Amino acid sequence: MTASLHLSGDPVELTAALVDIPSVSRDEDAIAESVERALREQAGHLEIVRFGNAVLARTSLGRPSRVVLAGHLDTVPVNDNLPSRREGEIMHGLGTVDMKGGDAVMLHLAATITEPRHDLTFIFYDCEEIDYDSNGLTRLELERPEWLAGDLAVVCEPSNAVVEAGCQGNMRVKLTTTGRRAHTARAWMGVNAIHAFADALRRLEEYTAREVDIDGCRYREGLQAVRVGGGVAGNVVPDSAWLEVGHRFAPDRTPAQAEEHLRQVFEGYELAVVDVAAGAMPGLSAPAARELIDAAGGEPVAKLGWTDVARFAARGMPAVNFGPGDPTLAHTQQEHVPVAQIRRCAEVLSAFLG
């Protein structure tokens, strides 16, 4: 059963309605149906396309520039945090931060801005919270890339209602060591592969993270051990072990440069890259980006983390994050958003686009 969404009303109430539609990754049918129906009924000035559980909408008014607004419809699994509830000026519930508040703002804009100063594309997509290949934007890149084209991308991920520019790159590497098995009662006859990580862990402990200023935004890098394993039994000296390390790197470095840096840090260890995603430069000098910054007021800040802005940056587009909610609350049971941030994002983007 599809829920009724009132797009031109209060975006705060629209946020609550979206939150109350469960939409854990791979189970977005109901919310996609509701979004599609609402857009077709209340935003007739838009071209609307359903693409799996992604819903796409756009204007074609011949404006000299196009702004793409993107937001994912899925959430992480429910954690006793549904339905939504309101306590004064705070709304609680799964997705209030990540990122149904941002989706509500986008839907409100889609219905209420009928004569935009830029042509507009709205992308509501699925499966962002799981693997990269399942992400709805991955399908779009492969099969409908024209829907991603524009002069500026605004990803309405939570950013505390301030412009967060670009994003960090992300890399995970696995270090491996080998030893020789022996009975732990005669440990001197073996070589402990886990103990061989002592120096690698020391290097991590002493590591000084690089800080980089780009377009006035300060990106702080990070390097952390995130998983470790090895050994076969409690009475056997382990002959193999592995250590997984996560690296967040500033967008002035390519993935290849980040990998080379890690090979220098962990010289002497066998190292393999297990996951990598390039970062995104801020691109704040682009005219449309400057207009958004002026509308938002204040100073933009660096996005410390990876978001889908990187996909748009890889296409040569400036891209920023701008949405309601504190990103540190994303994926927590305590997700909540000040309703004033939802309204502010709607007002800022309406002034920028309308």
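A pocket, as the word is used here, is an open set of grid points with protein on both sides within 12 Å along at least five of seven lines. In this predicted model, the largest pocket holds about 700 Å³ of space. Its lining is made up of 26 residues, and those nearest the centre are Glu-128, Arg-248, Gly-305, Trp-306 and Thr-307. Sorted by class, the lining of the largest pocket comprises 10 charged, nine nonpolar and seven polar residues. Strand β14, spanning residues 270–277, contributes the most to this lining, with three residues.

Attention now turns to helix packing around α9. Two packed helices are described by the angle between their axes and the distance between the axes. Helix α9 (residues 339–353) meets helix α3 (residues 96–112) with the axes coming within 10 Å and crossing at roughly 40 degrees. This crossing of α3 and α9 is right-handed. On the α3 side, the contact is formed by Gly-101, Val-105, His-108 and Leu-109, and on the α9 side by Ile-342, Cys-345, Ala-346, Leu-349, Ser-350 and Leu-353. Seven of the residues in the contact of α3 with α9 are nonpolar and three are polar, with no charged residue present.

Helix α1 (residues 11–19) also packs with α9, here at an angle of about 115 degrees and with the axes 9 Å apart. Helices α1 and α9 are therefore roughly perpendicular to each other. The crossing of α1 with α9 is right-handed. Pro-11, Val-12 and Thr-15 of α1 touch Val-339, Ile-342, Arg-343 and Ala-346 of α9. The contact of α1 with α9 has five nonpolar residues, one polar and one charged.

Terms used
Residues numbered from 1 in each chain as written. Predicted model: local features only at pLDDT ≥ 70, side-chain atom pairs only at ≥ 80, totals over all residues. Heavy atoms only, no water. Axes fitted to C-alpha atoms, helices over the stretch in contact; angles between N-to-C directions. Helix = DSSP H or I, 4+ residues; strand = E, 2+ residues; numbered from the N terminus. Left-handed = near helix turned anticlockwise from the far one by under 90°. Contact = heavy atoms within 4.5 Å. Nonpolar A, V, L, I, M, F, W, Y, C, P; charged D, E, K, R; others polar. 1 Å grid on protein atoms, 1.4 Å probe; cavity = no way out; pocket = protein on both sides within 12 Å on 5 of 7 lines; lining within 4 Å. Points joined across faces, edges and corners; volume = space filled by probe spheres on them. Parallel < 35°, antiparallel > 145°, perpendicular 65-115°, else oblique.
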